[in-house]
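Subject: Structure handover

Hello,

Here is the structure for your files. My notes on it follow below the display.

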Amino acid sequence: MFQQNKTATDVLRKDDLIVITGAGGFIAGALTRYFHDQGFTRIRAIDRKPLPEWYQRVDGVESLCMDLSEYSNCVRAVEGAAEVYNLAADMGGMGFIETHRVECLRSILINTHMIEASYRAGVQRYFFSSSACAYNTLLQQDPNVTALKESDAYPAMAERGYGWEKLMSEMFCQEYWAERGLETHIARFHNIYGPFGTWFGGREKAPAAICRKVIEAKDTGNLEIEIWGDGNQTRSFCYIDDCLVGIDMIMHCDQLIATPINLGSSELVSINQLVSLAEEIGGVKLARRYDPNAPKGVAGRNSDNTFIRSVLNWEPNTPLRVGLEKTYRWIEEQYQRRKAGKQVVHD
Ligand code: NAD
């Protein structure tokens, strides 16, 4: 029998201070709302973006604009915190991480300073958002992938730039626990998507980009879609609500201290299938134009959920069709707002 999984509500007082970094962005913005909706009264949300550019602003949350690659800002950020969720990073979809390796690598400064400041401030728990890009790329050369299990990160051959930064930061988390006793928790996210995610501008990921292209094609009448690579690359996509619940359970699981764990869906699809799904939702059929020279990442990647099922008796389970429909509708609304000259998420 599994014990009931613990969450923040079980271990924190409602007025304990929760610090969330990267909160002007997609996942940490949603996490801020998640904890706020659970009745936590002291949440400090931080991002380097100016406040008007945050994807979500939550009433009653202390929202600070600070660059967390500076140590002194990290010290201020974690002052009085019970728990720290570090999700700040310079990141984007394949189009961004394959061409901005320096920016991705420099995110190491954020975790290095945040974890040291958290240790010195005596926080109870520290969460780090790692990525499937930390896995050995040599295991991801075939679209018919064997799903990646946690031990597949070593021997290491991570995605250049972004993946190596994640792997090194994971090691920081593990050694701060082993040598200094700071309780750390590490989740390897696999392609998180949903409303309030980046949907245009160059940092968006495949689900949002494809929804936007379908919406655009319908709107303009140019019934064509450009697909990066040959469309046979495979991936799994995890809906944001599953990600939030997963973060909460992973952070409060005693068996998962300093132990990286997959947080992703195991529903594998090709990019071509993802396009078909978006077309179905949009009620349109488009001519496909393939760009073999566009960034396409590894050939195939899926999340092996054996470990998370064994520890939490749970895994992300929102069907892609359901999550993509919600994402599509949200992007459609944003698209129409932008067209009407109204403010949209990401202005
Ligand atoms: P996002 O880009 O929407 O959010 C990241 C936020 O961090 C941004 O708002 C950015 O302004 C902020 N940031 C960057 N540098 C900063 C700095 N120096 N100081 C303060 N803030 C800074 O990305 P996201 O999708 O919400 O990702 C959140 C975390 O999850 C990141 O660590 C990312 O690497 C990780 N992750 C995400 C995915 C995914 O599919 N979205 C997959 C794997 C890992």
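Pro 295 lies in the loop between β13 and α11; helices (H or I, at least four residues) and strands (E, at least two) are DSSP runs, numbered from the N terminus. This is a predicted model, in which local features need pLDDT of at least 70 and side-chain atom pairs count only at pLDDT 80 or more, while totals for chains, interfaces and linings use all residues. Residues are numbered from 1 along each chain as its sequence is written, and side-chain values use heavy atoms, with hydrogens and water left out.

Pro 295 and Thr 99 are 196 residues apart along the chain, and their C-alpha atoms are separated by 8.8 Å. Leaving aside residues up to four places away in sequence, Pro 295 touches Met 94, Gly 95, Glu 98 and Trp 228; contact means heavy atoms within 4.5 Å.

Asp 304 is also placed in the loop between β13 (287-291) and α11 (306-312).

**Helix pairs**

Two packed helices are described by the angle between their axes and the distance between the axes. Axes are lines fitted to C-alpha atoms, for helices over the stretch in contact, and angles run from 0 to 180 degrees between N-to-C directions. Angles under 35 degrees count as roughly parallel, over 145 as roughly antiparallel, 65 to 115 as roughly perpendicular and the rest as oblique. A crossing is left-handed if the near helix is turned anticlockwise from the far one by less than a right angle, and right-handed if clockwise.

Helix α2 (residues 26-37) packs on helix α9 (residues 240-251) at about 65°, with the axes 10 Å apart, so α2 and α9 are roughly perpendicular to each other. The crossing of α2 past α9 is right-handed. On the α2 side the contact is made by Phe 26, Ile 27, Ala 30, Leu 31, Tyr 34 and Phe 35, and on the α9 side by Ile 240, Cys 243, Leu 244, Val 245, Ile 247 and Asp 248. By class, these residues are 11 nonpolar, no polar and one charged (Ala, Val, Leu, Ile, Met, Phe, Trp, Tyr, Cys and Pro count as nonpolar, Asp, Glu, Lys and Arg as charged, and the others, Gly among them, as polar).

Helix α8 (residues 206-220) and helix α12 (residues 320-339) have axes 9 Å apart at an angle of about 55°, and are therefore oblique to each other. Their crossing is right-handed. From α8, the residues in contact include Pro 207, Cys 211, Arg 212 and Ile 215; from α12, they include Leu 324, Tyr 328, Ile 331 and Glu 332. The contact of α8 with α12 has nine nonpolar, two polar and seven charged residues.

**Helix lengths and burial**

The expected span of a helix is 1.5 Å times one less than its number of residues. Buried means under 20% relative accessible area, exposed over 50%, and partly exposed in between (1.4 Å probe, protein chains only).

- α8 has 15 residues and reaches 21 Å between its first and last C-alpha, close to the expected 21 Å. Its buried residues include Ala 209, Ile 210, Lys 213 and Val 214. Their cover includes β7 (192-193), β8 (224-228), α10 (271-282) and α12. Just after α8, Gly 221 has a positive phi of about 80°.
- α7 (residues 162-180) has 19 residues and should span 27 Å; its end C-alpha atoms are 26 Å apart, which agrees. Among its buried residues are Tyr 162, Leu 167, Cys 173 and Tyr 176. Just after α7, Gly 181 has a positive phi of about 75°.

**Backbone points to check**

The peptide bond from Tyr 154 to Pro 155 is cis, with omega near 0°, and Pro 155 sits in the loop between β5 and α7. Asn 191, in the loop between β6 and β7, is a residue other than glycine with a positive phi, near 40°. Asn 191 is buried, at a relative accessible area of 17%.

Regards
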